[in-house]
Amino acid sequence: MKGKLEPSERERLVEEGKNLKESLVTLEEDLVKLKDELQHVAQSIPNMTHPDVPVGGEDSSAIRQEVGSPREFSFPIKDHLQLGKDLDLIDFDSAAEVSGSKFFYLKNEAVLLEMALLNWTLSQVMKKGYTPLTTPEIVRSSIVEKCGFQPRGDNTQVYSIDGTDQCLIGTAEIPVGGIHMDSILLESALPLKYIAFSHCFRTEAGAAGAATKGLYRVHQFSKAEMFVICQPEDSESFHQELIQIEEDLFTSLGLHFKTLDMATADLGAPAYRKFDIEAWMPGLGRFGEISSASNCTDYQSRRLGIRYRPSEPPQTGPKKGKANLPATKFVHTLNATACAVPRMMVCLLENYQQEDGSVVIPEPLRPFMGGIELIKPKHK
């Protein structure tokens, strides 16, 4: 076009340029759609699994260890619903009128017990070098997806906010995972270890029946969640650290529990390996899950864009004085429940009930309850 051209040739080339420009716009639009489709398909693929994970359904899960033994009662025992009513601690009926089923009010000593559980847990975990956080409880749907959860669909556990791209969180793992999104961390800054407090919201779609009654499965609850960001070669050792912290916490409270290496069919999409802890709940007459610890390897970090730059000396480039920085790598992420308040209350109320209807407060929690040692029946 810059040279001498016949008018007809120049006009032909101008027309060809216009056509190319229009075609390019269409191709770019198609590319955006294809990228979105590819991302959607990619996000539906779960993580790989650890070679030692048992293959099969929940019944194939292997017991890592069992701690303690069930308490023997010399009197007819109550479940936590009856204890909560008799001791004026929990009100499900009023909450059902105000908010719907699977909501609850805590009252009197139960409120202090919730605060005590959370403050004691935070104090214990912080001793292990974990930084305390409180988090936003509303996040963008895209963050939920990148963490490996499905924010929409018939069986989703996530509450979505109509008319927005936002959701209520089901666990603090989601906003903590997003705090370092699209960032390159220094190797010297790793590991990053957090203990995050939040309220959690879950639809509990399809959850019904005696096995999920009372506080065991609810729509809103308080939780303290541990989260670790580390180098890939360290994630297995941090997984063991998280499980050990959980086991130490529950042992300190005198609970009878077992730790399970969960089978492949019971792993969520992000988990490379997951250990669940199930505690004995005598009033319900069964073990119930109170905690889990998952190693998600780089499943979440690839979607969230969390990388780190190794601190090895830069290599000299081909141009004199030009240094090449070492290539970035994706971090590994791990999460573990330190304290899910409702299920901990189920365990404590049912295991520490006395014949006279009172409930003993475990010794570690007493300093966090103003010295209260016993929840007594209230006589009018």
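This is a predicted model: local features need pLDDT of at least 70, side-chain atom pairs count only at pLDDT 80 or more; totals for chains, interfaces and linings use all residues.

I started with what H4 hides: its buried residues are Glu109, Ala110, Leu113, Glu114, Ala116, Leu117, Leu118, Trp120, Thr121, Leu122 and Val125.

Next I checked the length. H4 has 18 residues and spans 25 Å from first C-alpha to last, close to the 26 Å expected at 1.5 Å a residue.

Then the neighbours. I keep in mind that two packed helices are described by the angle between their axes and the distance between the axes.

Entry on H9. I looked up the axes of H4 (residues 109-126) and H9 (residues 341-351), and they come within 10 Å and cross at roughly 110°. Angles of 65 to 115 degrees count as roughly perpendicular, so H4 and H9 are roughly perpendicular to each other. The crossing of H4 past H9 is right-handed. On the H4 side I listed Ala110, Leu113, Glu114, Leu117 and Leu118, and on the H9 side Val341, Met344, Met345 and Leu348. Sorted by class, that contact has eight nonpolar residues, no polar ones and one charged.

Entry on H7. The axes of H4 and H7 (residues 235-252) come within 11 Å and cross at roughly 135°, which makes H4 oblique to H7. I noted this crossing as right-handed. Here Trp120, Thr121, Gln124 and Val125 of H4 meet Ile245, Leu249 and Ser252 of H7. I sorted these by class as well: four nonpolar, three polar and no charged residues.

Conventions: Residues are numbered from 1 along each chain as its sequence is written. Side-chain values use heavy atoms; hydrogens and water are left out. Axes are lines fitted to C-alpha atoms, for helices over the stretch in contact, and angles run from 0 to 180 degrees between N-to-C directions. Helices (H or I, at least four residues) and strands (E, at least two) are DSSP runs, numbered from the N terminus. Angles under 35 degrees count as roughly parallel, over 145 as roughly antiparallel, 65 to 115 as roughly perpendicular and the rest as oblique. A crossing is left-handed if the near helix is turned anticlockwise from the far one by less than a right angle, and right-handed if clockwise. Contact means heavy atoms within 4.5 Å. Ala, Val, Leu, Ile, Met, Phe, Trp, Tyr, Cys and Pro count as nonpolar, Asp, Glu, Lys and Arg as charged, and the others, Gly among them, as polar. The expected span of a helix is 1.5 Å times one less than its number of residues. Buried means under 20% relative accessible area, exposed over 50%, partly exposed in between (1.4 Å probe, protein chains only).
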